[in-house]
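Please read them with the sequence and the structure open.

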Amino acid sequence: MRYLYIIVVMSLTAIVSPLNLFAAQVTVLPEQKSVIENAEFQTDITINTGNESINTFSGILSFPQEIIAVKEVRTTGSIINYWVEEPKVNGQEIHFAGMTPGGFTGARGLLFSVVFTAAGQGQGTIQIKDPLFLKNDGQGTAAKISISNSSIDVLAPDVRRNITIPPLTDVIPPEPFIPEISNIPALYKNAWTVFFVAQDKGTGIDHYEIQEPAGGLLGFFTPWVRVTNPYPLKDQSVSSAFNVRAVDKAGNIRTVHVSPLHPKAWYASLTYWFIIVGIIAFVIVTKQIVWRKR
């Protein structure tokens, strides 16, 4: 499934770029690390493309689970603008897949970082497996990749050298995004579905929520529901507005209002009738108060 996503993304973002015979270098930094048990340390996964332009990045970061544990995955400062599969821990592996429209060319481009905790003494390797990086050449050609992995040596605990990595400070909400409404025969039995992907350069996206219908006179008490992308709409007439919000790992929120595809005529909306009735009632009550004063 990950490779299917990559092919789709590749076809949407390919831009012609000159070919290069040199292999891109993917490095797990630091390349050699000795740490004290119970200490924390950060590992960066970077790429040096040389003169190559690469727009699609995917692979698996494997680590020795018996001696180190993942505390946090960070995408702050990543060259990847669109995550098809944001880095997530799965046992002793972290799968990732993403793309950069227009491609990236340069040295030490950061893909993502991982904060590890040294959980037990021993030696092991933090390594990249199954790398698939595609050139930005309009054809989706697989780039030649050389890998430089990291060796890790966890030593006996020392209370004098108990190192911790400070948490990220993030007060900036996720970047603006545009939800799209579509119906695809192979998805949710052709139901109208909303698609949404937000980016956050701080702590990363934690989850999404939807309010359907949107808050308003009648939707004021409509609850926010935690959802995943894509999401089949409850209103299959797509005549109601709704809100989608992205929440990052620091709790910052970006809310987007989505207008209905097939809006109702104004006289078909109960909201407008409530407003009209309210205005009429206000006028009548006001006239009665004035008449009584006379």
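The points below cover the basis of the values, the sheet, the salt bridges and a surface patch.

1. Basis. This is a predicted model, in which local features need pLDDT of at least 70 and side-chain atom pairs count only at pLDDT 80 or more, while totals for chains, interfaces and linings use all residues. Residues are numbered from 1 along each chain as its sequence is written, and side-chain values use heavy atoms, with hydrogens and water left out.

2. The sheet. An open sheet is built from six strands in the order β2-β11-β9-β4-β7-β6, with mixed pairing. Strands here are DSSP runs of E with at least two residues, helices are runs of H or I with at least four, and both are numbered from the N terminus; two strands pair if DSSP finds at least two bridges between them. The edges are β2 (32-36) and β6 (82-90); each has a single partner strand, so one side of each has no neighbour in the sheet. On average, neighbouring strands of this sheet are turned by 20° against each other, direction ignored.

3. Strands β4 and β9. Seven bridges join β4 (residues 54-62) to β9 in the antiparallel sense. S58 has L132 in β9 opposite it.

4. Salt bridges. Searching the whole structure gives six salt bridges, each defined as a side-chain nitrogen of Lys or Arg within 4 Å of a carboxyl oxygen of Asp or Glu. K71 and E40 form a salt bridge at 3.1 Å, N to O. K71 belongs to strand β5 (residues 68-74) and E40 to strand β3 (residues 40-48), so this pair ties together parts 31 residues apart in sequence. E40 is buried at 13% relative accessible area, whereas K71 is partly exposed at 44%. The cut-offs are under 20% for buried, over 50% for exposed and partly exposed in between (1.4 Å probe, protein chains only).

5. Further pairs. E93 and K129 form a salt bridge with their closest N and O atoms 2.8 Å apart. This pair links distant parts of the chain, with E93 in strand β7 (residues 93-104) and K129 in strand β9 (residues 122-135), 36 residues apart. K129 is partly exposed, at 29% relative accessibility. R74 forms a salt bridge with E72 at 3.3 Å between the closest N and O atoms, and R74 is buried at 8%.

6. Surface patch. Which residues form a nonpolar patch on the surface? They are I275, I279, F282 and V283, with about 390 Å² of accessible area together. Areas come from the Shrake-Rupley method with a 1.4 Å probe, and for residues only the protein chains shown count as cover. Patch residues have over 30% relative accessible area and no salt bridge; like charges are joined within 9 Å and nonpolar side chains (Val, Leu, Ile, Met, Phe, Trp, Tyr) within 5 Å. I275 lies in helix α2 (residues 270-293) and is partly exposed at 41% relative accessibility.

Conventions. Axes are lines fitted to C-alpha atoms, for helices over the stretch in contact, and angles run from 0 to 180 degrees between N-to-C directions.
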